[in-house]
Amino acid sequence: MSRHSATSKGSSSSGGPPSAITQATSPPSTNGPDGSTAETIKPLAGLRVIDAADGVGEMCGRMLADFGADVIRVEPPEGAHSRKMAPLSPDGSTSYYFACHNYNKRGISLDIQSPQGQAQLFKLLDSADIYLHSAKPSATQGTALAPDSLAQQFPHLIVASITAFGQTGPYADYEPTPEVIFSLSGWLSSSGLATKPPLLMPGAQPYDFAGIVGCFAVLCALIQRHRTGCGQHLDVSALESLAQCNTWQLTNASATLNAGRELVTLRSGTSPVYPLFRTKDGYARPVILSPHQWRNMWEWLGKPEEFAAPEWGETLFRMMNLDVLNPYIERLFAQYDMEECAKEGQRRGIVVVPMLKTSDVLANEHFESRSTFAEGEVAPGHKGAFVNGWMEIARQRLGYRFRPPQVGEHNREVFGEERPKTTLQGSEAVTEEGASNHSKDADGGTETRTAGAAGSSQAPLAGLRVLDFGHGGVGVEGGRMLAEYGADVIKIETRSYFDFIRTMLSTEMNGSFASSNRSKRSFGVAIRTPQGREIISNLAEHCDIVIENNSTNTMDKMGMGYGDLSQVNPKIVFASSQMMGSHGAYGDWIGYGPTIQTVGGLTWLWNFNDGDPPPGSVAIHPDHLAGRVVAIAALLGIWENLNSGAGFHVEMAQVENLIGLMGDVYLYESAQPNSVEPMGNDSPIGAPWGVFPCAGEQQWCTICVRNDQDWQALKEVMGEPSWAQSPEYETNQDRLSCRAELYDGVAEWTASLPPREVMARCQQAGVPAGAMFTVLDQIEDPHYQARGFLVETEQQEMGKVLMDGPAFAGSEMPDIDIHQAPMLGEHTVEICLELLGMSYDEIEQLVEDGVLELSLKEIAERENAEP
């Protein structure tokens, strides 16, 4: 299989879908931003994946397919369960969830529970590199399909178990839905307002968090296998994948408790930092944090004398006087349409974004200019707008190529193929013909950067070195993921332009910063000086990866873009993540996580259908998730490097990462216009469904009745109350039309019990249910404890704090590396000596000249030592 393929420009659609949708066909159709034909790099070309994941984690296989792997979707003869997952076409024949999670895959049908089906599966696994599945532990325990058995039978194979709660722990066999995972993850407890029930996140995003983390885990295992020749079993948990991304809640909560302060866990909606204001046609969201943003806002308001005093330039002062300020902004924004308002604000250097509906996003000029959506077949003869992949390499999209398969569509093709069996030889997996599945470097020699001792004594990314220019919550999270799995991550910092998260509490350390920057080293350098740029250039010679999420073109303007650093290190992998992407109509827009939710369509959809504005959440989503996509992109570059010896520039738009989590919603809206509306805690899948009040103040439990079997089980759990026997509730369709009455009936029962008791009783009967956990509940929860998710760390300037642990474990990987985050410049001298070969005198002179920066502790020690 060719690693790179030529592509041509896709034609624009007309008549049917909105203009923002680019037509795509099979084979792939992509083009450069200037319309020119270009080669698309497919880093995973040549790898084969057998994908039996169903529901949870299906996005993992889709991503691997996007990146070039041959992914074969295995379904039972009657079809996968996810083919019945909402949203569905009006006739119920097509699942938009299945479609957006399975394009770019081939499909076969196979009864893997039968001896004959298992024999066929095992033949496929003989020549495969990766096997994905989502079966509960109890479903495979003691069988030939148990992950440990498969890993033993196929020692070359990477077996990824991507499940709701992991392979171990008290909840391992619990019945999941995305809503149950969301409830247990800690996210629900901060979603919405205290005057309404906690608000569930729309769609099946928790399942995709697991798929994305699963993809990162698989890439780690592939890189490790390249060194050791050994496959392994990966245990990926959707619950932990989501909990990891809960806006630094765990570390900040433990720091608050350690300081003897009261921890507030009652939800209060969107932070006042991220308000919504009405416009002529909807809402717009401004964010005013920095002094220059406030100055620009003040000028836009007409320089009112009331706000001319210097204290209005202070964020805390403004937050304390919003009752005075906000009416002025309300009157200003009311004069504009929402997109006009955002454009004017951005032109003035102020963070302002429109609150787009699902239909708005599909028709928006920015997403049209980026080919964010591609028109393709959902099923034969049925078209819609697919989210067009997760990233671009050299401005070429790794996105939609061909439609999702029909059940068993490629049986004859796949079973008729002769593919050599994969065996183990030396330090690589090779085929029986003797050719390595994964080639040598460009010079013909083996890659030595990651060479080291084989087996679990060494982390999968050991030997890799990363320059982390991240700030806020995106790039830094990408660096954190790489550091925990063995890479030497060097955070590039300067006091002339702080990472604003580091100083958000007016010191150089806090829980949020510590969580995203643990396990790294810090290098303090004045990067805007000529000498600083030269030092960075010299560092890049010794590094494999650069991560950055600065404003568009910032790195190029500083002389540290991909074009600059690849000159000194052609193998460098340069991973960039910008809010709206580095190109497109809004490519120069600035913003933060909650503003991405607003312009990406999530804020509008994450709401009750009661006419009120969206209540919001404190989550900075998608920052943490986008960070994991950055880490995936970086490892794709390393894999390409191992094969071709070349590096590349890979780019992501954070807003597209968010949209990618709602691909089924956008596909549904494109195929069935005006079908998508906010649903609050209701679901088209079944009823009763939602978040129910329990005994105690602000205690809640999520219950999801998916079908008639669940309803019968729930009735028994509730003690067969008379109201539940009504024939009006007999079928699922009947119950969907009686949601309100069912909610009231179930709520009467749950109100008498603690949420954990409701969860336990429902789960024992096979009904999906999850207590709403606050961060305090998570700390005390036996499942989180059993899984080793709660990691106590000694953090300088803070003492002992809890940090979120791993979302996956590998059978051949050591425990992940979690140690304290560095102070700014803490490792400057060490890195200069170790990597740059500087003398102490050279370092001293650069410090004196203000080029190199040291930690505050070192600065104080030097001052005290002076005569």
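Analyst: Axes here are lines fitted to C-alpha atoms, for helices over the stretch in contact, and angles run from 0 to 180 degrees between N-to-C directions. Helices (H or I, at least four residues) and strands (E, at least two) are DSSP runs, numbered from the N terminus. This is a predicted model, in which local features need pLDDT of at least 70 and side-chain atom pairs count only at pLDDT 80 or more, while totals for chains, interfaces and linings use all residues. Residues are numbered from 1 along each chain as its sequence is written, and side-chain values use heavy atoms, with hydrogens and water left out.

User: Why is α10 called oblique to α12?

Analyst: The axes of α10 (residues 291–300) and α12 (residues 322–333) cross at roughly 60° and come within 11 Å. The pair is therefore oblique (under 35 degrees is roughly parallel, over 145 roughly antiparallel, 65 to 115 roughly perpendicular, the rest oblique). The crossing of α10 with α12 is left-handed (the near helix is turned anticlockwise from the far one by less than a right angle).

User: What makes β10 and β12 edge strands?

Analyst: An open antiparallel sheet holds three strands in the order β10-β11-β12. β10 (277–278) and β12 (351–354) each pair on one side only.

User: How do you know that β11 pairs with β12?

Analyst: Four bridges join β11 (residues 283–287) to β12, and pairing takes at least two DSSP bridges, so the two strands count as paired. R285 stands opposite V353 in β12. Helix α13 (residues 338–347) lies across β11 and β12, at about 160° to β12.

User: Why is N674 called exposed, and what is its phi?

Analyst: Its relative accessible area is 66%, and exposed means over 50% (buried is under 20%, partly exposed in between; 1.4 Å probe, protein chains only). Phi of N674 is near 65°, and this residue lies in the loop between α26 (663–671) and β25 (689–693). A394, also not a glycine, has a positive phi of about 50°.

User: Where are cis peptide bonds found?

Analyst: One joins A86 and P87, with omega about 0°; another joins H621 and P622, with omega about 15°. P87 lies between β5 (70–75) and α2 (96–102) in a loop, and P622 in the loop between α23 (602–605) and α24 (623–644).

Conventions. Contact means heavy atoms within 4.5 Å.
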